[in-house]
Amino acid sequence: MGDDATHDAPGWIGRSLLRKEDARHLAGVAMFVADVRLPGMQDIAFVRSQVAHGRLLSVTKPADAAADVYTIEDLPGLSVLEAGPELEAFRQSPYPALASGKVRYVGQAIAACVAATRARAEDLAERVAVGCDELPAVVDAVSAMTSGSARLFEHWPNNAYIARTISAGDPSAMTGAPVRLRRRFRMNRQATVSLEARGCVAVWDPRQEELLVYLSTQGGHVMRLGLSRALGLPENQIRVIVPDVGGGFGGKNRLLPEEIAVCAIALKRRHPVRWIEDRREHLLASVHCRDHHYDLVISAEEDGTIIGVEGDVHIDAGAYALWPTGSFMEASMAAGNLPGPYRMRGLNVNTWTVATNKAPMGPYRGVARPGACFAIERLVDELALHLGIEPYDLRKRNLVTRGEMPYTTIAGLKLDTGDYHDALDTAVRMIDIPAIRALQRARKPGAPRIGVGLAVYTEQSGHGVVEWSKRKSRIVPGYEAANVRMLPDGSVNIHVGVQNHGQGHETTLAQIAADELSMHPDQIRIRYGDTATTPFGFGTFASRSIVFGGGAVGTTARKLALKIKAIGAHILQADPATVELRDGHVVTAQGSVSFRDIAMAANVRQEMLPVGVEPTLEATGTYEPQESAGVFSYGAHAVVVSVDEDTGVVKILDYAVAEDCGTMVNPMIVDGQVQGGIAQGIGTGLFEEIPFNSDGQPLATTFADYIMPGATDVPSVRIAHFVTPALVTEYGVKGVGEGGAIAPPAALANAVGDAFADIKASFNETPLTPRRVWQAARDAMLSAGPVA
Amino acid sequence: MKAAPFHYARAASLHAALDALAAGPEALVISGGQSLAPLLNLRMTLCDTIVDIGGLTELQACWQTDHATLIGAGVTHAMIEDGLTPDPAHGMLRRAAGKIAYRAVRCQGTIGGSLAMADPAADWPCILLALGATAILRSALGERRVALDDLLVGVYETSLRPGEIIQALEIPNLPPQARAASAKISRKTGAFANSMVAVVLNGESSRAVLGAAGPRATILPHVSAALASGSPLDQITGLVTRDVADILPEPDPYLQSLHETNVRRALLEVFAP
């Protein structure tokens, strides 16, 4: 897969080391929350709402087991957390741990039932009777904003959490533009579908006088803060342990009411309780995502020069904002990323983040950008089709050039480094567009149609204080911390606040420390996921960990290296300025001393230390990049599809990516991120969807109806890497976690559109199900005139 | 989701299974469990007792006569896929078996279980109906033989009586000159069909069957009659539209196109030189 970027790197950074964490996963001995077994542990099953919107009249417990059934009345003293951005204009949607007064989506937890096993807890849940007065359901984000719509929160003037207009540049340039195309786009609702669903085990530890919580999350420290506020328990009496996490993708970066309820119940019982979310619960009531609606006009000159984009964006955010920041960033990021990597003179987008009777929305790999990329990249192709220009040429005309870097987009994002043209040219060369055009011309009637689609994206990563404060984030993840400790035998433990949930941090962070300390990565262990042992950190999300966590490990290890040098120089009786670290030793021209001897001195033989040097070899530090507006990875995706026009079935024939995420610490892991992100992007583009009927009932609550891409649906992606180091981060790294998932829906829809370019069919709704593809092609054929 | 409580009886023999079934009015038979177990776990199917006949070797017996092939109901899809069973239909069973769900499912799921479940989109009901198979049913009262067309009733519904177990399928052997093809369109590898077709070109016994369209796999009457009467391909394909429209519960231009396409492609395959 990909070009072999495993060059003979001078150090460990840049090498495709096999992942340290894989041995336990391959052997099946990893420890996930569901593997945690505590004596006396009991299971929780939730009674969930059957209706999308209703007034809760009664919850009747079975008389013989009333003490094992908890409603919100049984958990007094819980605080409802304010969630969403800290903005006056953002309306609060109080989300209690268990339903109180009203239910607002199918699957909302109403009561928790405790029993010896999950099966018995479900038996008990079936015997709980819920009285509910059903109300009209709000299921469409656009019509939810009409005056006649039912309202989720009666005291709100309408169903919008917030409405905002993002406007920049010169609107009049757009109004009078020679070419104006209006298109509507829809990216439908999904679940995040991590391989491991959610899970929580909680028990009161009387010895430590603390609540011990095992939680499947992307950030234990931040979740502890939320739990502390919700439970009214000091943070130093809550310990969150995050064992192996089988994927989070954003969804596990929110605190769920179920998790608060489990902890609250643990405080009331003398035994551990756990809740393991099953797949049905996950699809029904865990974090939902995507669900963007665009109604946009692109303006351009006759020669294809883009002038600007204007229109409306609706985000279907579901029934509540999840702590801490809800889904508010969806709207601003969707609007802010609409200009993509293109020069524009105007932007005017009205956004609405709308409450509907669906499970709450949260972040999912790519956050808003897959929708924005889908909208702008489809608009670019529609414009090309309209003007009779190759989509590639139209992109070349409008893409920001290397000479213009750093370039601030019309939406205010500062694109820092790179060559977008080079990426596009490379992807196009890899996919060989002329050969595909020849195939298209040679197509026989009845044979599948062939199409090629392009999409260019940028991926903001490593953004800190400036960006998160601008977003009015309730939590500002502007730094990360590391604690680097050399033990008496010279081995190293590094505790970090980022949270590995599949990213390979145990390997990549060890590679960084290995370079700074001139040690072998095998002698360095990366520890995370325990609030009792790790420094405070925000966890892993927003493609931030290699920038922040990598930077914290690198700069802190560097501090420790200075002390190692000082002690080593003292032992060697050399000037500290003349020694260097080499392969686990402090070295001078005259001789060397091993880290082991230095660590012995520092930890247990202090008489060997220089005067004034404190014992132990330990450093703790935080890191933030020099600039915190973020650094931008980018790439171009090119995909070839075949489309069966009689059945609407789309097959991927080839997929090529040219991407640049700055310095690659481990190219193999970068390839994995690209390939995995694309797998999920293909899910968004072709398969995954939770439709709702008009009563607000979700229609995909098992994998029979919620279609995930399988192994045979995901091609081996061909990847070309460019390395343009970032200017403001340690080692020049940029984040790469999300990029793969951003462009595929756009590239796929453009490819399907290309296959039908002769009849100008337009494919503007994901997933591109066979029925949607067939219908759009048929509509185009009918409007193109009599069938040839 | 976890199943509601039920009694579980693992049968040591077909005889014992029939006894257990006769004893409990709300008993269900489980074999591979690849459909039934999820339904139990989702609590969409409830029962008093589960009688497990999985792995009973007497239900995996197969034999072939001059005229027909018998395949035990307990034969797994994987056994057919691997060519471990006799072949009545020029390899159609083997080809179709390899396309059922995933290998892990095929290692557990059985041909008889698939018929008894009667999922409208399942592969075997469609294919066995096209081949004119007969189900051999056993109960404490004895044996009963039911043609597939009479066994399949509706969505998850068969004419199996309480206490009956499918013991085997009797499939007429196709003569050498006969042709057979099946075709499936699904959202992805391993998913249930969105359209399932089986076509057998065998003189008067010719049949075209469509699954995943109506409540059960259904013979396309006009197409089948034209196949049987030796009509040329272009004439037969002209009849597909009407037959498909009659099976769809309500007009749906997309599903109409999907099924028509699938049927035409299967017809093309059996007529291919």
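A: In this predicted model, E580(A) stands opposite V587(A), a residue of strand 23 of chain A. The two strands concerned, strand 22 and strand 23 (residues 585–587) of chain A, run antiparallel and are joined by three bridges. In general, the strands of a sheet pair through backbone hydrogen bonds, in either a parallel or an antiparallel manner.

The sheet to which this pair belongs is open and has three strands, in the order 22-23-24 (chain A), with antiparallel pairing. Strand 22 (580–582) and strand 24 (592–594) of chain A form the edges; because each has a single partner strand, one side of each is left without a neighbour in the sheet. From one strand to the next, the twist averages 30°. Helix 15 (residues 595–603) of chain A packs on this sheet, where it touches strand 23 and strand 24 of chain A. The direction of helix 15 makes about 65° with that of strand 24 of chain A.

The contact between them takes 18 residues from domain 1 of chain A and 17 residues from domain 2 of chain A. On the side of domain 1 of chain A that touches domain 2 of chain A, there are seven nonpolar, seven polar and four charged residues.

The nonpolar core is the next topic. The largest nonpolar core has 336 residues, and those touching the most other members are I44(A), A111(A), A112(A), C113(A), A513(A), V752(A) and V199(B). Helix 14 (residues 545–572) of chain A contributes the largest share of this core, namely twelve residues. Leaving aside residues up to four places away in sequence, A513(A) touches V484(A), V492(A), I494(A), I524(A), V553(A) and A557(A).

Finally, there is the contact between the chains, which takes 18 residues from chain A and 16 residues from chain B. On the side of chain A that touches chain B, helix 2 (118–126) and helix 19 (770–783) of chain A are the elements that give two or more residues. Helix 2 of chain A gives the most to this side, with four residues. By class, this side of chain A has six nonpolar, four polar and eight charged residues.

Technical notes: Residues are numbered from 1 along each chain as its sequence is written. Chains are lettered from A and ligands numbered from 1 in the order in which they are written. This is a predicted model: local features need pLDDT of at least 70, side-chain atom pairs count only at pLDDT 80 or more; totals for chains, interfaces and linings use all residues. A nonpolar core is a set of buried Ala, Val, Leu, Ile, Met, Phe, Trp, Tyr and Cys residues joined through C-beta atoms within 7 Å. A residue is buried if 20 or more other C-beta atoms lie within 10 Å of its own, exposed if 12 or fewer, and partly exposed in between; C-beta atoms are placed from the backbone. Two residues are in contact if their C-beta atoms, placed from the backbone, lie within 7 Å. Ala, Val, Leu, Ile, Met, Phe, Trp, Tyr, Cys and Pro count as nonpolar, Asp, Glu, Lys and Arg as charged, and the others, Gly among them, as polar. Two strands pair if DSSP finds at least two bridges between them. Axes are lines fitted to C-alpha atoms, for helices over the stretch in contact, and angles run from 0 to 180 degrees between N-to-C directions.
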